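Me: I have a structure open and would like to go through it step by step. Can you help me read it?

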Amino acid sequence: MKILNEQSDATHIRVTFPLQLWVDNRAVAGNDTVTYPVPLEKALTADGDLVKDDTDASDQFVRIEEAPKLARNWQGPFYVTVDEPDAERTPPDAP
């Protein structure tokens with residue numbers, strides 16, 4: 001796994017979930033974002049790379065058990081960005 005070779009102590013990545021709203025039939029940025037840890041093994045492609053931002057693969061992070069309730073239940077438009085790997089052994093509690 002490429003990312004694990006670069007940061008062998010990484011156990012999680014952080015993802016950011018910017019909430020969006022529909023305004024005049026367009027998705028616009030809301031005022032809130034949610035950031036939470038995701039286990040690294042859930043964030044890697046088969047080639048060992050991190051999934052890319054704002055893709056079907058990154059959008060799945062709102063449906064995993066580690067996602068906060070707000071993200072899992074969001075009915076509006078959204079996208080997910082993938083942050084750098086995190087070497088924390090115990091991730092902080094997700095909201």
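Me: Let's start at one spot. Where is N25 placed?
Reply: N25 sits in the loop between β1 and β2. Helices (H or I, at least four residues) and strands (E, at least two) are DSSP runs, numbered from the N terminus. This is a predicted model, in which local features need pLDDT of at least 70, side-chain atom pairs count only at pLDDT 80 or more, and totals for chains, interfaces and linings use all residues. Residues are numbered from 1 along each chain as its sequence is written, and side-chain values use heavy atoms, with hydrogens and water left out.

Me: Is N25 buried or exposed?
Reply: N25 is exposed, because its relative accessible area is 77%. The cut-offs are under 20% for buried, over 50% for exposed, and partly exposed in between (1.4 Å probe, protein chains only).

Me: What about the phi of N25?
Reply: N25 has a positive phi of about 60°, although it is not a glycine. Most residues other than glycine have a negative phi.

Me: And which loop holds D24?
Reply: D24 is also in the loop between β1 and β2. D24 is not a glycine either, and its phi is positive, about 50°. With a relative accessible area of 71%, D24 counts as exposed.

Me: What do β1 and β2 form together?
Reply: They form a hairpin with 2 residues between them. Strand β1 covers residues 12-23 and strand β2 covers residues 26-39, and they pair in the antiparallel sense over 11 bridges. Two strands count as paired if DSSP finds at least two bridges between them.

Me: Which residue in β2 is the bridge partner of T16?
Reply: That is T35. F17 stands opposite V34 in β2.

Me: Where is R14, then?
Reply: R14 is in strand β1. Its relative accessibility is 21%, so R14 counts as partly exposed. The C-alpha atoms of R14 and V38 are 6.0 Å apart, although the two residues are 24 residues apart along the chain.

Me: Back to F17. Buried or exposed?
Reply: F17 is buried, because its relative accessibility is 0%.

Me: How many aromatic pairs are there?
Reply: The count is 1 aromatic pair. F17 and F78 form it, with 5.4 Å centre to centre and 50° between the planes, which makes it tilted. F17 lies in strand β1 and F78 in the loop between α3 and β3 (81-86), so the pair ties together parts that are 61 residues apart in sequence. The rule is that rings of Phe, Tyr and Trp (its six-membered ring) pair if their centres lie within 6.5 Å; planes under 30 degrees apart count as stacked, over 60 as edge-to-face and the rest as tilted.

Me: New topic. How many salt bridges does a search of the whole structure find?
Reply: The search finds 1 salt bridge. E66 forms it with K42, and the closest N and O atoms are 2.9 Å apart. E66 is in the loop between α2 (56-59) and α3 (69-73), K42 is in the loop between β2 and α2, and the two are 24 residues apart. A salt bridge here is a side-chain nitrogen of Lys or Arg within 4 Å of a carboxyl oxygen of Asp or Glu.

Me: Why do E66 and K42 count as partly exposed?
Reply: E66 does because its relative accessibility is 23%. K42 does because its relative accessible area is 36%.

Me: Now α2. What does S58 touch?
Reply: S58 is found in helix α2. S58 touches V51, K52, D53, V80 and V82, not counting residues up to four places away in sequence. Contact means heavy atoms within 4.5 Å. A polar atom of the S58 side chain lies 2.9 Å from the backbone nitrogen of T55. S58 is buried, because its relative accessible area is 0%.

Me: And the whole thing? How many helices and strands?
Reply: The protein has 3 helices and 3 strands. From the N terminus on, the order is α-β-β-α-α-β. Of its 95 residues, 36% count as buried.

Conventions. Polar contact = N/O pair within 3.5 Å; in protein donor to acceptor, adjacent residues only side chain to side chain.
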